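Reader: I would like a close look at a single part of this model, followed by its surroundings. Please keep the account plain.

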Amino acid sequence: MTRPLLGAGLLIALGLLLGTGPASAAGQPAGTPDARDLSAVAALATSPSTVDQLAKVTFPDSPKVAARMANAAKAEPAASIAVYQPTAAFVAGTSAVPADLAYVAVPATLGTGEAATVWAQREGQNWTVVNIASGDVEKRLATQAGKGYLLHEPQINAWYAVDGDAVTVLDGSTTGVAAGTRMTVAQYQSAVHSRYGDKLPGSAYDRSGAAGGFGPSAPASDDAGVPGWAIAGGAGALVLAAGVALRLRRRTEG
């Protein structure tokens, strides 16, 4: 069974992507990691325990290797990327803040030489590694985001760059919207409201227990290959109903 690694307890370091402190002004994301946060993430990602996990883990369906590569396991905190997700208030239309921080992605390499990404999430004043995901999606998309920040709509695995009032689709394959498509923040808000507005916490959909409503939660241990906060709520059920493949990112096997 696949599971989040260390669930108990993401190129170039773009200052404009990571920001310099918490932001709450309209149109800016919330929870942006500051220098102290990034230092804590760097220490966490390069700690002996994390590197040891990188050296040992294997992804489901990974090619079998005869031997692990000496000293291959490592994290690259200098290339960390802040990844944001839409807020419930933005989806509801009650806030102009499009997103808040989902996690910090630290590009990494496994002991097998495969590309991976360490996911670090803030827990109070501390940071915790919540998963090691396959591949380097965040790293690759960050190069396309320019001076905007990276926004992930996890319910449908769509990726965007947000720069001021412009939202640019980086990967909209599950929606059929071509990469490079641009819209305003208001247009994007209208789109997510139409997708999830009736599935927010407290909605009839939420109360029905169909999927728990829209919103973040702790990463879940499941075979879907996506974090619990990504499919928590009606939005996740919407993905299931639409038949969209949920094995979006492979998790490590312990």
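Which residues of helix 6 are buried?

Author: The model is a predicted one, and what follows is computed from it. In helix 6 (residues 185-196), the buried residues are Val185, Tyr188, Gln189, Val192 and Tyr196. They lie on the same side of helix 6, because they cover an arc of only 100° around the axis. On the face turned away from this buried side, helix 6 carries the exposed residues Ala186 and Ser194. The length of the helix can be checked as well: at 1.5 Å a residue, its 12 residues should span 16 Å, and the end C-alpha atoms are 16 Å apart, so the two values agree.

Tyr188 is among the residues with the most contacts inside the largest nonpolar core, together with Leu54, Leu151 and Tyr160. This core has 37 residues, and its largest share, five residues, comes from strand 3 (residues 99-109). A second, separate core has 16 residues, including Ile81, Trp119, Val137 and Leu150.

Leu54 can be followed through its contacts. Leaving aside residues up to four places away in sequence, Leu54 touches Ala73, Lys74, Ala75, Ala108, Thr109, Leu110, Gly111, Val118 and Ile132.

Strand 6 runs parallel to strand 2 (residues 81-86), to which two bridges join it. Across this pairing, Tyr84 stands opposite Leu151. With strand 7 (residues 158-163), strand 6 pairs in the antiparallel sense over five bridges, and here His152 stands opposite Trp159. Strands 6 and 7 form a hairpin with four residues between them. Asn157, in the turn, has a positive phi of about 55°.

Tyr160 leads on to Thr168, which touches it. Thr168 has its place in strand 8 (residues 166-171). Its relative accessibility is 16%, so Thr168 counts as buried, the cut-off being under 20%. Besides Tyr160, its contacts are Trp159, Ala161, Gly180, Thr181 and Arg182, again not counting residues up to four places away in sequence. With Arg182 there is also a polar contact of 3.4 Å between the side chains.

Methods:
Residues are numbered from 1 along each chain as its sequence is written. This is a predicted model: local features need pLDDT of at least 70, side-chain atom pairs count only at pLDDT 80 or more; totals for chains, interfaces and linings use all residues. Side-chain values use heavy atoms; hydrogens and water are left out. A nonpolar core is a set of buried Ala, Val, Leu, Ile, Met, Phe, Trp, Tyr and Cys residues joined through side-chain atoms within 4.5 Å. Buried means under 20% relative accessible area, exposed over 50%, partly exposed in between (1.4 Å probe, protein chains only). Contact means heavy atoms within 4.5 Å. A polar contact is a pair of N or O atoms within 3.5 Å; within protein, one must be able to donate a hydrogen and the other to accept it, and residues adjacent in sequence count only if both atoms are side-chain atoms. Two strands pair if DSSP finds at least two bridges between them. The expected span of a helix is 1.5 Å times one less than its number of residues. The arc is that of the directions from the helix axis to the C-beta atoms.
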